[in-house]
Amino acid sequence: MSIAKGPVAPGNAGSPACSRQENGTGRRQIMLKVVDLYKSFGGIQALAGVSFTVEKQSITGLIGPNGSGKSTCFNVISGFYSKDGGEVYFEGQKIGNLKPFEIARGGIGRTFQIAEAPEKMTVVENLLLAPKDQTGEKIFNVFFKGTKIKQETGEFLKKIDEVLNLVQLNHLRNEYAGNLSGGQRKLLSLARILLFDPDLILLDEPTAGVNPTLINDLVEAIQRLRDERGKTILLVEHNMRVISRICDKVIVLDSGIKIAEGTPKEIQNNEKVLEAYLSGSSKKQLFHEDTGS
Amino acid sequence: MAFVNFLVYLAIMMGIYGILSLSLNLQYGFTGLANFGQVGFFCLGAYITTIITLTFGLPFILGLIISMVVAGLFGYVIAIPTADLKEDYWAIVTLASAEIVRMFFLNEDWVVGGGVYRGGAFGVGGIPQPLKSYFSAQSYPFFYFMIVLICLIATYLIINKLTRSPYGIVLKSIREGEDRLAQAMGKDVKRFRLKTMAVGGMFGGLAGCLWAHYYGFISPRQFLPLETFIVWAMVIVGGKGNNKGAILGAVIIIIFYHSTRYLKDYIPVEEVTLASLRMVAIGILIVLVMLFMKEGIIKEKKPVY
C-alpha cells in the first residue's frame, strides 16, 4: 500500500483535473451509473428521480443543502436502503437489489456521516475488521489454519501501521474507539475504508470535525488514492474549499432532484445552485469560507 | 464425607453451568445476541442424549455428540427468521423457542419410549451414567467431575480461540455497530449470527447432556425459563465479553444458589423461606454488580497489538 507516504506531485493539489489519466480511447469509463432513483420516507420524497454517473478514477462531489438527499443517495447505492424506483449500475452490473455486504464485497466501500466507532473495540481491532475475505472469518479455519491466520494478521498489522500514520492515530492504536473524539472517529473510518480497499469509495463528509491542518493531509490522501492507486471516489462534503479543490465533477442535489452538474467552477457560477444552496448568503462566502472556523 | 460429596456436587454444577455461561457469553457477551432461551438448548441436549442412550442403548459419547449437533442445529434454525431483527426481538423469539422445546417434551411422552408414568410430566429416569460399573458409588462423582471438567476446559479453549480470531472481531463489530459497520465491510452479518447461535447452541446441548447423565433423571420441570436467567446472572456478574468471567460468574452464582442450604443453621428463618430467598440473594448480587462493577467482576479484556 502506498497511500500513506510518498511525495505528492506538486501542482496536484491546485488543479487535480490536469492529473487525470484517460484510458486508451481518450474517454473516461463510467464506473457508477445511477438512473432515475426514487426513495421516499413516508410523505417525504428524499430522492425524486436522481440520475448521474461517476467516472473511473475521478473524484465526484455530491453536494446540496441539508435534507437534499445526499445521504439517502449514498444509502441506496450501498444497499442500506431499498430503492423505490430506478436502478444503480456498478461497472455495468445492476446492483440495486443486492444486500449491503454483497455490494461492499463487489467493490463499493463507504463511510458513514456519523462515524461508526464500535465503543468496545480498539482502534486496531476496528481496522482488523476491514480486510476482505480473511481466512480467520470461517470457524473451521480458526481451528485448522492457525498459521495462515497469524501470517495474514501480521501483514494486516503492517498495513494498519501505515494507515494509522497517515491519519495520525498511531498513538491511540490500543485505545477503545468509543473514547475517540468525533473528528478522530472520522479519521478512523477513513483509515478503515483505506484498508478495506474498494474500487469505488463513498465518503460521507470525510472532513467534518477534522482540524484544518489534517484536512489538508486528508485531501492529499484522497487525491493520491485517485492518482496513484486508480480509485474512484464519490464524496458528500459541506466544506466547499475541499470540494472545489479536489473534485473533478460536482453534482448538486436539492429536495431529491439533481439541479446541476459540472466542474467546481461551473457549479460556482450556476445561478440555480446559488439559489437553492445558499438561500440568500453570498456566493463568495460559500466558496471561500475558511475550513476550520 | 457428606460435605465432600456436597462439594463435588457443587463443582459438577459449576462445571455444567460454566459451559452454559460460556455459551451465552459467546452469544450475548461477544455478539450482542440477547438469547433468552439458553435453557432450550440445555433441555434439548438432556432429552436427546436420553433418547440416544436410554431408548436406543447407544454409548454415552454418541449421546454427547448427537445432542450437541441437534442443539446446534436448533440454534441455527431459530435464528433464521430473526437474524435481521434487533436485540429485543431476539429476546422474545429465543424465550419462546425454549418454551416450545419444554412444552414439546412435556406433551409428547412417546419420544422417550412411552410407558406407564414415564415421559411427559413424569420425566424420565434411569439414564445410564458412563463407565459407572468401574467405580464405587463413593468415587463415581469424582470421575464424573473429571468428565465435566474436561468438557468445560474444551469449551473454554474453543470459545476463547473463536473470540480472539478474526471471526471474533466480526462478532464484536456486530455487537457494537448495529450491523451497519460490519455490513459496510462486506461481512454477511446474518450468517455470522446464525453460526454463532449454532455454536452457542452446541455447547448448551453439551451442558444438557452432562446434566442428564449426572442426575440420571430429567423432567420438563427442570428446564423452566428461570434457568436461563440464572445463566444470564452468571454472565452479568462474572463479566460479559470475558470467558474467564463467565466461568467465575458460574462459580459465584452456584455458591449463592446453594448456600441457603447451610444458612438455616445461622439464620432463624424457616427453610422454605430461605429457599425462596436464594433468588432474592442473586437479585441483590446483580444489582450490586451493576452499581459498582458495571462490566462485571472481570472486565472484557482489551487486546493489545
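Tutor: A cavity, on a 1 Å grid over the protein atoms alone, is a set of points where a 1.4 Å probe fits but cannot get out. Points join across faces, edges and corners, and the volume is the space filled by probe spheres set on them. This is a predicted model: local features need pLDDT of at least 70, side-chain atom pairs count only at pLDDT 80 or more, and totals for chains, interfaces and linings use all residues. Residues are numbered from 1 along each chain, chains are lettered from A and ligands numbered from 1 as written, and side-chain values use heavy atoms, without hydrogens and water.

Student: How many cavities of 30 Å³ or more are there?

Tutor: The count is one. The largest cavity has a volume of about 30 Å³.

Student: Which residues line the largest cavity?

Tutor: Lining residues have an atom within 4 Å of a point. Here they are A:S78, A:F80, A:P100, A:I103, A:A104, A:I108, A:R110 and B:A184. Six are nonpolar, one is polar and one is charged. α2(A) gives the most, three residues. Helices (H or I, at least four residues) and strands (E, at least two) are DSSP runs, numbered from the N terminus.

Student: What does the largest nonpolar core contain?

Tutor: A core joins buried (under 20% relative accessible area, 1.4 Å probe, protein chains only) Ala, Val, Leu, Ile, Met, Phe, Trp, Tyr and Cys residues through side-chain atoms within 4.5 Å. The largest has 147 residues; B:M13, B:F42 and B:F223 are among those with the most contacts inside it. Helix α1 (residues 2-30) of chain B gives the most to this core, 15 residues. A second, separate core of 24 residues includes A:L37 and A:I108.

Notes: On a 1 Å grid over the protein atoms alone, a cavity is a set of points where a 1.4 Å probe fits but cannot get out, and a pocket is an open set with protein on both sides within 12 Å along at least five of seven lines; lining residues have an atom within 4 Å of a point. Ala, Val, Leu, Ile, Met, Phe, Trp, Tyr, Cys and Pro count as nonpolar, Asp, Glu, Lys and Arg as charged, and the others, Gly among them, as polar. Buried means under 20% relative accessible area, exposed over 50%, partly exposed in between (1.4 Å probe, protein chains only).
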